[in-house]
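Visitor: Can you take me through this model? I have a few quick questions.
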Amino acid sequence: MSASLALTHLVPLAKEVDENKVTPGVLGFIVFAVMALAVWGLMKSMNRHMGKVDFAENADPKAAASDRATAGPAGSAGSGPGGKTSPAKG
């Protein structure tokens, strides 16, 4: 019963709104500000986590041994000094 009473009071208020002028209002600003703060926090977290990443690649001894076995005594064309392959660039 109160829902229908509330709707009857809101209908005249809706007619007062200019149909040619629609603005997001305070609620739109609050939602946008919360989303901006969330993106800022995620970017700070991402930068912190990216700082912890070690980009130096360790040589895999099993892969180096298998490369030497398949290449034979002459070594492979793409191997660096000592028969180890260099990490991929890019």
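Guide: What follows covers the fold, the confidence and a surface patch of this predicted model.

Visitor: How many helices and strands does the protein chain have?
Guide: The protein chain has 3 helices and 0 strands. Read from the N terminus, the order of its elements is α-α-α.

Visitor: Which of those elements has the lowest mean pLDDT, and which the highest?
Guide: Helix α1, residues 2-16, has the lowest mean at 62, while α2 has the highest at 95. The average pLDDT for the protein chain is 75, and 54% of the residues score at least 70.

Visitor: What share of the residues is buried?
Guide: Buried residues are 1% of the 90 in the protein chain. The chain exposes about 8400 Å², with 67% of that supplied by carbon and sulfur atoms.

Visitor: Which residues form the nonpolar patch on the surface?
Guide: The patch consists of V26, F29, I30 and V34, and together they have about 420 Å² of accessible area.

Visitor: Where is I30 found?
Guide: I30 lies in helix α2, which covers residues 25-52.

Visitor: And why is I30 called partly exposed?
Guide: Because its relative accessible area is 44%, and partly exposed covers the range between under 20% for buried and over 50% for exposed.

Notes
Residues are numbered from 1 along each chain as its sequence is written. This is a predicted model: local features need pLDDT of at least 70, side-chain atom pairs count only at pLDDT 80 or more; totals for chains, interfaces and linings use all residues. Side-chain values use heavy atoms; hydrogens and water are left out. Patches are made of residues with over 30% relative accessible area and no salt bridge: like charges are joined within 9 Å, nonpolar side chains (Val, Leu, Ile, Met, Phe, Trp, Tyr) within 5 Å. Accessible areas come from the Shrake-Rupley method with a 1.4 Å probe; for residues, only the protein chains shown count as cover. A salt bridge is a side-chain nitrogen of Lys or Arg within 4 Å of a carboxyl oxygen of Asp or Glu. Helices (H or I, at least four residues) and strands (E, at least two) are DSSP runs, numbered from the N terminus. Buried means under 20% relative accessible area, exposed over 50%, partly exposed in between (1.4 Å probe, protein chains only). pLDDT is the predictor's confidence in each residue, from 0 to 100.
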